Amino acid sequence: MMLLLRLFWEFFKTGLFAVGGGMATLPFLYNISDSTGWFTHAQLADMIAVSESTPGPIGVNMATYVGFTTAGIPGAVVATVGLVTPSVIIILLIARVLASFRQNKYVDAAFYGLRPCSVGLIAAAGLLVVKIALFDFDLFHQTGRLLDVFNVKALVLAAVLLILTRGVKQLKKLHPVVFIAASAIIGILFSF
Amino acid sequence: MNLWNLFVSFAKVGVLTFGGGYAMIPILEREIVDKQGWASSEELMDYYAVGQCTPGVIAVNTATFIGRKVAGVPGGIVATAGVVFPSMVIITVIAGILSNFADIPAVQSAFAGIRVCVCVLIFNAVLKLWKAAVPDKATLVLAVLVFVLSFFLKPSPVVFVVFCAAAGILLTRLGVRGK
């Protein structure tokens, strides 16, 4: 019961402070991982992949997944309800004064500061994924060889994906699930 | 009856929304504007814009707006329940299945590959957000500062959100904005 309450509270905070959509919940989830130990950074990276490749808003998918991993089906429900509760309350309040909210100069000024904040937070969370996906610090600590820091296969795949998703016009519009599926197959074929 | 319609319509939107964000607009347009006539295209864009700059998941925020317009506060709650329902079912099933296969080497290799892809997807998302979020020098400083401090000190992100909202107001008042 305590676990479910804590889960609700953590996701309530996430829903209240994550501004800028699904990806903005990411830094909060890393923070939950660090402060509770309910799941590891590697598990979180896998959850991102699943959330991106299944139907539904990413933020909601992530909450359900984290909740399920932490406390089964009740956890999935509690985490999702926790995430959406602040949204629902805030939107119901704002809906009455929608026009003046949009034109309010303080709201506008606050979001001028919040947008770069969101980008910085998501980038930092992304770097945590880079750390476990493209590098191998454990192996380096064991062997002491500097070259072992680099996960060469992964770095090559990352470079190829980057070129494909940014450089090739026809591929830019493809859904992420295509690249995720291709990466899974490459991971198996080249035993990542 | 209206509430049931709301739930079903938004459950459809939930199933058809792959990844969220802008991918959701055409689906909302079809279901909410064309089929149900619950809101005009302009209203939808307004809701979406405000949904983007209020806390929480954009899809949920938009659902609450439209639900409230159609059937008051209960409508807002039911529409939200509708939009999250498919996610909860689908993710719970997948998570349940995956947790049984997580120890198989092939599955681990697949996820190691997928994680590489996730890096690239996040990088692309950051680049896309960057264009809209960092129009001038002050926001550049804020973004870099948040990035560095968040990565190395790992405080709760709440700290940054509160600080940056205040900084946004202060910087605007000081007239630094846009320079």
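How many aromatic pairs does the rule count over all chains? The count comes to eight aromatic pairs over all chains. The model described here is predicted. In it, 92 residues of chain A are in contact with 87 residues of chain B, and the two chains bury about 7,900 Å² between them. This briefing takes up the interface of the chains, the domains of each chain, an aromatic pair and the surroundings of one threonine.

**Interface of chain A and chain B**

- The size of an interface is often given as the accessible area lost when the parts come together.
- Of the area of about 7,900 Å² that chain A and chain B bury between them, 79% is on carbon and sulfur atoms.
- Two salt bridges are found across the interface of chain A and chain B.
- A:Asp108 and B:Arg177 form a salt bridge, in which the closest N and O atoms are 3.1 Å apart.
- Between chain A and chain B, the count of residue pairs in polar contact, with both residues at pLDDT 80 or more, is 10.
- Several helices of chain A each supply at least two residues of the side that touches chain B, among them α1 (2-17), α4 (58-95), α6 (105-133) and α10 (176-189).
- Helix α6(A) provides the largest share of the side of chain A that touches chain B, namely 25 residues.
- By class, the side of chain A that touches chain B comprises 63 nonpolar, 20 polar and nine charged residues.

**Domains of chain A**

- Chain A is divided into domain 1, residues 2-133, and domain 2, residues 141-189.
- The C-alpha centres of domain 1 of chain A and domain 2 of chain A are 26 Å apart.
- Four residues from domain 1 of chain A and six residues from domain 2 of chain A take part in the contact between these domains.
- Domain 1 and domain 2 of chain A bury about 330 Å² between them, with 63% of it on carbon and sulfur atoms.
- A:Glu52, A:Ser53 and A:Ala133 supply 88% of the area that domain 1 of chain A buries against domain 2 of chain A, more than any other three residues.
- Across the interface of domain 1 and domain 2 of chain A, the rule finds zero salt bridges and zero residue pairs in polar contact with both residues at pLDDT 80 or more.
- Helix α3(A) gives the most to the side of domain 1 of chain A that touches domain 2 of chain A, with three residues.
- That side of domain 1 of chain A has two nonpolar, one polar and one charged residues.

**Domains of chain B**

- The domain assignment of chain B gives domain 1 (2-101), domain 2 (103-132) and domain 3 (134-179).
- Between domain 1 of chain B and domain 2 of chain B, the C-alpha centres lie 25 Å apart.

**An aromatic pair in chain B**

- A pair of aromatic rings is described by the distance of the centres and the angle of the planes.
- Among the eight aromatic pairs over all chains is that of B:Trp4 and B:Phe7, which is stacked, at 6.0 Å centre to centre and 10 degrees between the planes.
- Both B:Trp4 and B:Phe7 lie in helix α1 (residues 2-16) of chain B, three residues apart, about one turn of the helix.

**Surroundings of A:Thr36**

- A:Thr36 lies in helix α2 of chain A.
- A polar atom of the side chain of A:Thr36 lies 2.6 Å from the backbone oxygen of A:Ile32.
- The side chain of A:Thr36 also reaches the backbone nitrogen of A:Trp38, at 3.2 Å.
- From A:Thr36 to A:Ile91 the separation is 55 residues in sequence and 30 Å in space, C-alpha to C-alpha.

Terms used:
Residues are numbered from 1 along each chain as its sequence is written. Chains are lettered from A and ligands numbered from 1 in the order in which they are written. This is a predicted model: local features need pLDDT of at least 70, side-chain atom pairs count only at pLDDT 80 or more; totals for chains, interfaces and linings use all residues. Side-chain values use heavy atoms; hydrogens and water are left out. Contact means heavy atoms within 4.5 Å. Buried area is the accessible area (1.4 Å probe) that two parts lose on being put together, summed over both. A salt bridge is a side-chain nitrogen of Lys or Arg within 4 Å of a carboxyl oxygen of Asp or Glu. A polar contact is a pair of N or O atoms within 3.5 Å; within protein, one must be able to donate a hydrogen and the other to accept it, and residues adjacent in sequence count only if both atoms are side-chain atoms. Helices (H or I, at least four residues) and strands (E, at least two) are DSSP runs, numbered from the N terminus. Ala, Val, Leu, Ile, Met, Phe, Trp, Tyr, Cys and Pro count as nonpolar, Asp, Glu, Lys and Arg as charged, and the others, Gly among them, as polar. Domain bounds come from an automatic or database domain assignment. Rings of Phe, Tyr and Trp (its six-membered ring) pair if their centres lie within 6.5 Å; planes under 30 degrees apart count as stacked, over 60 as edge-to-face and the rest as tilted.
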